[in-house]
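Please walk through this protein with me, one region at a time. Keep the model open beside the text.

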Amino acid sequence: AKGYDLHSVAGFNGKYDMARASMDFALSYEGIHDKGINADAVVGPGYFNGFELPVKGNYNAVEGKAGIHSNDDGMSSFKYGADLMYRYSISDEYSYEDWWRSIKSNDIALTSELGPVIDETHSVLVGVGMLLSTYAAPASYLRLYPYEGLDDEFMHSQAGHLYVAPHYVLSSYRMKLQAGLKLDMAIASKNEFIGSLPINQNRGQLIYPDVRFDYQLIREHLDVYAAVTGGVDHNSYTSLKQEDHFYRAVNSSSLWNPVSMNTVERFNAKLGFRGNVASVFRYDLSGGYASYGGYRHSVVGYEFMRFGTLGRPSLVSGGGPFFGYDDAHVAYADFRFALDLGSVLFDGGLTYTHTDLLKNEKAGFSPSPLVGNVSFRYDWKNRISAGIHADGALRRNGLWGSNVDYIESIESIRQYEVFIPGFVNLGIDASFAFNRKLSVWLKGDNLLCQAIQRTPLYAEKGIKFTAGICLNL
């Protein structure tokens, strides 16, 4: 079945520099509009009725940001910085002959860092922050058709986390050390929301490491760096929609899963090298190992939800993609490079990821073990530029099927090994600057016409183009 995926972003930003600090602001709009298919069925002994549901979504959001930061000029005895973000969004999900469901969300983020600068090499800083999402959805959200009397009633919920991160900073001629810890407390309401389960109930461990180290082995040419960090991500509805434009909360809730859970990074240990050769070739090579609770991954699941006994028809719901959250250990490596010859830029990267996600035998897809990108771009006098780019990934392995444990007949539960094919996306791009303030750009992708599944079940099969305008005031 044919569908579409439209993504629009517009906005402006600015910065004001003062003697000892700088202020910045931004205001933007984001729209995600999509159309696809979900599959449902009703089954029982000798009975099957399958049907496809055309679904579409309209996500619209406005976002405002403001921040203030002291200048790092070595003259101030007190360092400070703060950023505030607010986003309001409405996400409408249409199905069943244009009956719509909507989720309204408010996302608020406050991040700050401040503390005394003892001298040129020593300082004691404290990071304080809050990220909170509040949601409202009609009480009739999960019903097949609008239910009289419930349309004006709303379910409410919220999730987020608060953190305090004190740390000591040592900066010397070649070395910078930041040593501390992070107290990160997850918060969430306990009421049911869009389904049978409250959201974001996995709380994490409260205390996480926060240590970072950088040393210049060869000044201005080679650095070695390391970090051990951790914390909580509450996986806001906005972040889920941005990662998967076809995501619908009903796909999670109809399978008796919470709409979202916290991703708890228990620890993430990284070691890397970065530098440059003759100030022309830049590189960054790093690798690490991390442990997660509630590791976010893609799921396509069918799940029996029985009514009465298995001898009566049971609803098999799902069919569309959603997100699962399971424990996982992740080993990774990342390489980035850039060859900058002035008018010619050649850059790219390669990321390796290995997880034990599928060992728990739950439905879902592991991330691709190898993802890469490369681009070549020529710029003529900062007025006309043109380039060619490519990105790709190896196939993603997964399990598909029911993952519930309360069905009486184990024969009805099966797991199947499945995969999402790998792909190569080849594209071209060009831009033209009328002057320093106004430019236009055009980008084409999937010139090889491959079936690219960035989201499970939704394939980009043809050539696509993106255009934009950039205005600098």
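T229 counts as buried, because its relative accessibility is 16%, under the 20% cut-off. This residue sits in strand β10. Leaving aside neighbours within four places in sequence, T229 is in contact with P209, D210 and R212, and also with E265, F267 and N268. L181 is 48 residues away from T229 along the chain, yet their C-alpha atoms are separated by 8.4 Å. Keep in mind that this is a predicted model.

Strand β10 covers residues 222–233 and pairs with β9 in the antiparallel sense, over 7 bridges. Look for I218, which stands opposite L222 in β10. The two strands form a hairpin with 3 residues between them. Within that hairpin, E220 takes a positive phi near 65 degrees. Strand β9 (residues 207–218) is also joined to strand β8 (residues 175–188), by 9 bridges. β8 and β9 run antiparallel too.

Which residue in the loop between β8 and β9 deserves a stop? N200 is found there. Its phi is positive, about 55 degrees, although N200 is not a glycine. Most residues other than glycine have a negative phi. Is N200 buried or exposed? N200 counts as buried, because its relative accessibility is 0%.

A278 counts as exposed, because its relative accessibility is 60%, over the 50% cut-off. So N200 is buried at 0%, whereas A278 is exposed at 60%.

Next, look for empty space inside the model. Rolling a probe the size of a water molecule over the atoms shows where such space is left. How many cavities of 30 Å³ or more does a search of the whole structure find? The search finds 1. The largest cavity has a volume of about 60 Å³. Its lining includes I103, Y135, F193 and I199. N235, S236, Y237, V259 and S260 also line this cavity. By class, the lining has 6 nonpolar and 3 polar residues. No charged residues take part in the lining.

Move on to D244. This residue lies in the loop between α1 (237–243) and α2. D244 counts as buried, because its relative accessibility is 5%. Not counting residues up to four places away in sequence, D244 touches P321, F323 and T455. D244 and F322 are 78 residues apart in sequence. In space, their C-alpha atoms are 8.5 Å apart.

S70 is another buried residue, with a relative accessibility of 14%. Its place is in strand β3 (residues 47–70).

Step back to the whole protein. The secondary structure comes to 2 helices and 24 strands. Of the 473 residues, 40% are buried. Take the contacts between residues at least 6 apart in sequence. Of these, 63% join residues at least 24 apart.

How far can the details be read? The mean pLDDT of the protein is 85, and 82% of the residues reach 70 or more. Confidence is highest in strand β14 (residues 344–355), at a mean of 98. Confidence is lowest in helix α2 (residues 249–253), at a mean of 71. Over residues 303–317 the pLDDT is below 50. This stretch still has 55 contacts in the model beyond near neighbours in sequence. Over residues 403–412 the pLDDT also stays under 50. Here the model has 18 contacts beyond four places in sequence. Where pLDDT is low, the predicted coordinates should not be read in detail.

Terms used. Residues numbered from 1 in each chain as written. Predicted model: local features only at pLDDT ≥ 70, side-chain atom pairs only at ≥ 80, totals over all residues. Heavy atoms only, no water. Pairing = 2+ DSSP bridges. Helix = DSSP H or I, 4+ residues; strand = E, 2+ residues; numbered from the N terminus. pLDDT = per-residue confidence, 0-100. Contact = heavy atoms within 4.5 Å. 1 Å grid on protein atoms, 1.4 Å probe; cavity = no way out; pocket = protein on both sides within 12 Å on 5 of 7 lines; lining within 4 Å. Points joined across faces, edges and corners; volume = space filled by probe spheres on them. Nonpolar A, V, L, I, M, F, W, Y, C, P; charged D, E, K, R; others polar. Buried < 20%, exposed > 50% of the residue type's maximum accessible area, 1.4 Å probe, protein only.
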